[in-house]
Amino acid sequence: MRKSGLLLVLFLLVSGLVSGSRTVFGLEPLKKATQSEAVGKTVSLLGKVLVRNEDTPNGQARPLRVGDEIREGEVINTSSDANAKILMTDRSVVDIGASTLFKVDEYKLKHTSDRSVEISMNYGRVRTVVSQPVGDKGKFKFRTRTATMGVRGTEFVVETDLVST
């Protein structure tokens, strides 16, 4: 009888942890996977700018504000009289111009020199300063609908028109 009682307590303890509920012993439930880490932060903003995460089901657009963190998978959309400046965690600066649709597709920062960054722009204008050189094991790619550019460390401006289909 004692053995079955102990097994019952262990079963309840384990099932409570796995299901995510609190147990009678006050143990914290297992935490679910958290949202991706911040890859940058909004440092200046002018006009109406929206941000949404395409990797999240039903990702609703919300107004972007100074100080907001930017995460992998987020899309930034500026209105015709707006712009935004993002400081990335690798110290790169991204200036997003008016009427621009910009996305952080991938951002993996192991070390500054071997980071893996892919950003894209469907339309608009972006000025980027890659201040820390990218090493041989790293990549920094910028994609538009018609071109892909690899960067090692420099300043560049990309501009593309909205293509109607």
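Trainee: What stands opposite Ile 96 in strand 9?
Mentor: In this predicted model, where local features need pLDDT of at least 70, side-chain atom pairs count only at pLDDT 80 or more, and totals for chains, interfaces and linings use all residues, Val 126 in strand 9 stands opposite Ile 96. Residues are numbered from 1 along each chain as its sequence is written, and side-chain values use heavy atoms, with hydrogens and water left out.

Trainee: How many bridges link strand 7 and strand 9?
Mentor: Strand 7 and strand 9 pair over four bridges in the antiparallel sense, where strands (E, at least two residues) are DSSP runs numbered from the N terminus and pairing requires that DSSP finds at least two bridges between the two strands.

Trainee: And strand 10, does strand 9 run parallel or antiparallel to it?
Mentor: Strand 9 and strand 10 run parallel and are joined by five bridges, with Ile 119 standing opposite Phe 142 in strand 10; Ile 119 is also the bridge partner of Val 104.

Trainee: Switching topic, is Asp 95 buried or exposed?
Mentor: Asp 95, which lies in strand 7, has a relative accessible area of 16%, so it counts as buried, meaning under 20% with a 1.4 Å probe and protein chains only.

Trainee: Which side chain does the Asp 95 side chain make a polar contact with?
Mentor: That of Lys 85, at 3.2 Å, a polar contact being a pair of N or O atoms within 3.5 Å, where within protein one must be able to donate a hydrogen and the other to accept it, and residues adjacent in sequence count only if both atoms are side-chain atoms.

Terms used: Buried means under 20% relative accessible area, exposed over 50%, partly exposed in between (1.4 Å probe, protein chains only).
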